[in-house]
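Hi,

Here is the structure I promised to send over. Have a look at it first, and my notes follow below.

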Amino acid sequence: MVGETGSGKSTFVKLLTRLADPSSGRVLLGGVPLTDVPLASLRRRVVMVPQDGFLFNTTVGENIRYSRPDVGDDEVRGALADLGLTGWVESLPHGLGTEAGPRGEALSAGERQLVALARAYLADPDLLVLDEATSAVDPATEQRLQRALETATRGRTAVSVAHRLSTAEAADRVLVFDAGRIVQQGTHEELAARPGRYADLYAAWQSATEGDASRT
Ligand SMILES: Nc1ncnc2c1ncn2[C@@H]1O[C@H](COP(=O)(O)OP(=O)(O)OP(=O)(O)O)[C@@H](O)[C@H]1O
Ligand SMILES: [Mg+2]
């Protein structure tokens, strides 16, 4: 999902995860109205990595384990290894025991998303919903996020709000939002090849990231 700020991407994600219900119409997942799915089941099978990356005021390890309090450090480390994040965690002052601080503010926005992504991966959902951070992510963290995402989304459906259009380039299908509506959909290739909202967004993104090889 791509679109300008305020176009409705996060709202769509909230409807999909039942953080909000529509005032009219209904949302179906695999043909099943979400209101028919027990909340506990929905929370287990659909997991979201939110845009604002809120973390709890505890260690990185406890934050990752949050959805699965039953698992031990070994399983957490295994998940981090799968995601290619072992080096990153080891670079933190106290590894898994590093305090994330109030609201997770001891970490950068990109790092908070890494923790949220590891938590989601450990939860092993059927549908992973990711709302990419809008704030600037440094190139090293962005590369880690990209690689971790590839592993976390393998073998399951992922719906992602893309601020970095490299995410849209890799998607099977792109939805373009404008003023609360989906105005275009198709593959990146189809949408980039014809004049329209997506081609405009893509051109703007390309010129903004020009000269930054890590973002191509
Ligand atoms: N709870 C709410 N009640 C009323 N309006 C809201 C609410 N949340 C968001 N909006 C409005 O709905 C519109 C869409 O917001 P949304 O957060 O979905 O945008 P977005 O596409 O995710 O933007 P961004 O790229 O900045 O994350 C905005 O005009 C926003 O101000
Ligand atoms: Mg948003």
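This is a predicted model: local features need pLDDT of at least 70, side-chain atom pairs count only at pLDDT 80 or more; totals for chains, interfaces and linings use all residues.

Let's start with the metal: the magnesium ion (ligand 2) is coordinated by Ser10 (OG) and Gln51 (OE1), at 2.0 to 2.3 Å. Donors here are N, O and S atoms within 2.8 Å of the metal (3.2 Å for Na, K and Ca), and water is not among the atoms, so sites may look incomplete. Ser10 sits in helix 1 and Gln51 in the loop between strand 4 and helix 3 (60-65), so the pair links parts of the chain 41 residues apart. (Helices are DSSP runs of H or I with at least four residues, strands are runs of E with at least two, and both are numbered from the N terminus.)

Residues are numbered from 1 along each chain as its sequence is written, chains are lettered from A and ligands numbered from 1 in the order in which they are written, and side-chain values use heavy atoms, with hydrogens and water left out.

(Buried is under 20% relative accessible area, exposed over 50%, partly exposed in between, with a 1.4 Å probe and protein chains only.)

Back to helix 1, where Lys9, Val13 and Leu16 are buried. Seen down the helix axis, the buried residues fall within an arc of 60° (taken from the directions from the axis to the C-beta atoms), so they line one face of helix 1. The buried residues of helix 1 pack against strand 1 (2-3), strand 2 (28-29), strand 4, strand 5, strand 6 and strand 7, with contact meaning heavy atoms within 4.5 Å. After helix 1 comes Arg18, with a positive phi near 60°.

Helix 1 (9-16) also supplies at least two residues of the lining of the largest pocket, as do strand 5 (127-131), helix 7 (139-153), strand 6 (157-161), helix 8 (165-169) and strand 7 (174-178). By class, that lining has 14 nonpolar, 6 polar and 4 charged residues. (Ala, Val, Leu, Ile, Met, Phe, Trp, Tyr, Cys and Pro count as nonpolar, Asp, Glu, Lys and Arg as charged, and the others, Gly among them, as polar; a pocket is an open set of points on a 1 Å grid over the protein atoms alone where a 1.4 Å probe fits, with protein on both sides within 12 Å along at least five of seven lines, and lining residues have an atom within 4 Å of a point.)

Cheers
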